[in-house]
Amino acid sequence: LLSLVRTDGLGMNLGAKQRIDDLISTWKPLIKPESPADHSEIYKEIAMLLGTFPTFGAGGQSTKDMLQIYAIALEDFPIWAIRRVVRRVIKGEIEVDKRVAPTPPIMCDLVRSQLAHHVRELEKLERLAASGRNITA
């Protein structure tokens with residue numbers, strides 16, 4: 001995100017400040033949602049994930065109970081990030097134990113990792129915007 005804003009090295013002009021503010025207002029809700037993700041959307045993603053592991057259900061817990069547990073664990077993350085992690089796990093792009101489905105805490109770690117770069121970039125933009133660093137007309 002930060003690479004989309006150009007400054008002259010000494011400060012930023014009002015156009016750059018406006019661009020930073022626009023980026024923050026566009027990206028913040030996508031990276032740090034204000035309300036929990038829709039559980040039905042999480043259910044769809046996790047059901048697809050759990051279906052790829054042959055041992056799912058061997059422990060005796062119902063699918064409904066498991067989906068609720070995952071939804072509670074993942075509800076504070078944006079659905080696009082959950083979706084991306086699920087697809088990457090299914091494709092083998094993220095290393096997990098292939099014998100068992102990732103637990104809710106492991107899924108949280110994987111989604112956090114997926115978001116980490118975006119969160120850092122957003123925080124840089126917010127610090128830059130808050131500093132009001134040498135804004136010139």
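The model is predicted, with local features needing pLDDT of at least 70 and side-chain atom pairs counting only at pLDDT 80 or more, while totals for chains, interfaces and linings use all residues. Residues are numbered from 1 along each chain as its sequence is written, and side-chain values use heavy atoms, with hydrogens and water left out.

Two packed helices are described by the angle between their axes and the distance between the axes. The axes of α3 and α5 come within 9 Å and cross at roughly 35°, where axes are lines fitted to C-alpha atoms, for helices over the stretch in contact, and angles run from 0 to 180 degrees between N-to-C directions. This crossing is right-handed, that is, the near helix is turned clockwise from the far one by less than a right angle.

Next, colour the whole protein by secondary structure, which shows five helices and two strands in the order β-α-α-α-α-α-β from the N terminus on. Helices (H or I, at least four residues) and strands (E, at least two) are DSSP runs, numbered from the N terminus.

Select I46, Y70, L74, V89, M107 and V111, the residues with the most contacts inside the largest nonpolar core, which has 25 residues. Such a core is a set of buried Ala, Val, Leu, Ile, Met, Phe, Trp, Tyr and Cys residues joined through side-chain atoms within 4.5 Å, with buried meaning under 20% relative accessible area (1.4 Å probe, protein chains only). Two or more residues come from each of α2 (39–50), α3 (63–74), α4 (79–90) and α5 (104–131). Apart from this core lies another, of eight residues, including I24, L122, L125 and A129.

Centre the view on V89, which, not counting residues up to four places away in sequence, touches L49, F53, I94, V96, P102 and L110.

Which residues is E45 in contact with, leaving aside its neighbours within four places in sequence? They are I79, I82, R83, V86 and R87. E45 lies in helix α2 and is buried, with a relative accessible area of 5%. Show its side chain, and a polar contact of 3.0 Å joins E45 to the side chain of R83, while another, of 2.5 Å, runs from E45 to the side chain of R87. A polar contact is a pair of N or O atoms within 3.5 Å; within protein, one must be able to donate a hydrogen and the other to accept it, and residues adjacent in sequence count only if both atoms are side-chain atoms.

Finally, move to E121 in helix α5, which is buried, with a relative accessible area of 10%, and whose side chain makes a polar contact of 3.2 Å with that of K124.

Methods. Buried means under 20% relative accessible area, exposed over 50%, partly exposed in between (1.4 Å probe, protein chains only). Contact means heavy atoms within 4.5 Å.
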